[in-house]
Amino acid sequence: EVIDNSGGTLDKFIGDCIMALWNAPRPLENHERAAVGAVLDLQARLVAMHTGWLAGGYPAVRFRVGLNTDAVLVGNFGCEYRINYTALGDGVNLASRLQAANKLFGTVA
């Protein structure tokens, strides 16, 4: 919902990760701001949910973020029997590595 409301596109779930795109498949003016705004909204919603979870004896949930803006390939990729709409390129890989670096440095949302 947060991603959709910010003009983003939910690409896929990868384990406990969400991959989302802004500025594709439709152009989005100020897509960088929209992506950052979505992350801030997700953080605020998570804080609000923590109150109930902690009161119920459940652990806090945290998430790491990797944001990057770059020219990448976006579209349907695959073969005749399996096609997936996604983004490919160095910019996507960098965002993934930034997200993973948060674990190394202990920085989380």
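This report describes the fold, surface, core and selected residues of one predicted protein model.

Because the model is predicted, local features require pLDDT of at least 70 and side-chain atom pairs count only at pLDDT 80 or more, whereas totals for chains, interfaces and linings use all residues. Residues are numbered from 1 along each chain as its sequence is written, and side-chain values use heavy atoms, with hydrogens and water left out.

**Overall architecture**

The protein contains 3 helices and 4 strands, where helices (H or I, at least four residues) and strands (E, at least two) are DSSP runs numbered from the N terminus. Their order from the N terminus is α-β-β-α-β-β-α. The C-alpha trace spans about 50 × 30 × 30 Å along its principal axes. Contacts are defined by heavy atoms within 4.5 Å; among those between residues at least 6 apart in sequence, 42% join residues at least 24 apart.

**Surface and charge**

Of the 109 residues, 22% are buried, meaning under 20% relative accessible area, with exposed set at over 50% and partly exposed in between (1.4 Å probe, protein chains only). The protein exposes about 7,900 Å², of which carbon and sulfur atoms supply 57%; these areas come from the Shrake-Rupley method with a 1.4 Å probe. There are 9 positive and 10 negative side chains, and the centres of the two sets lie 8 Å apart. Lys and Arg count as positive and Asp and Glu as negative, without His and the chain ends; each charge is placed at NZ of Lys, CZ of Arg, CG of Asp or CD of Glu.

**The nonpolar core and its surroundings**

A nonpolar core is a set of buried Ala, Val, Leu, Ile, Met, Phe, Trp, Tyr and Cys residues joined through side-chain atoms within 4.5 Å. The largest one has 6 residues, namely V2, I3, W22, A34, A35 and A38. Two or more residues of this core come from each of α1 (2–5) and α2 (31–55), and α2 gives the most, with 3 residues. Leaving aside residues up to four places away in sequence, W22 touches I3, S6, G7, G8, L28, H31, A34, A35 and A38.

G7 lies in the loop between α1 and β1 (9–14). The C-alpha atoms of G7 and L28 are separated by 7.1 Å, although the two residues are 21 apart along the chain.

**Partly exposed residues and disulfides**

| Residue | Relative accessibility | Class |
|---|---|---|
| G7 | 32% | partly exposed |
| C17 | 27% | partly exposed |
| C79 | 32% | partly exposed |

With a disulfide taken as a pair of cysteine sulfur atoms within 2.5 Å, the count is 0.
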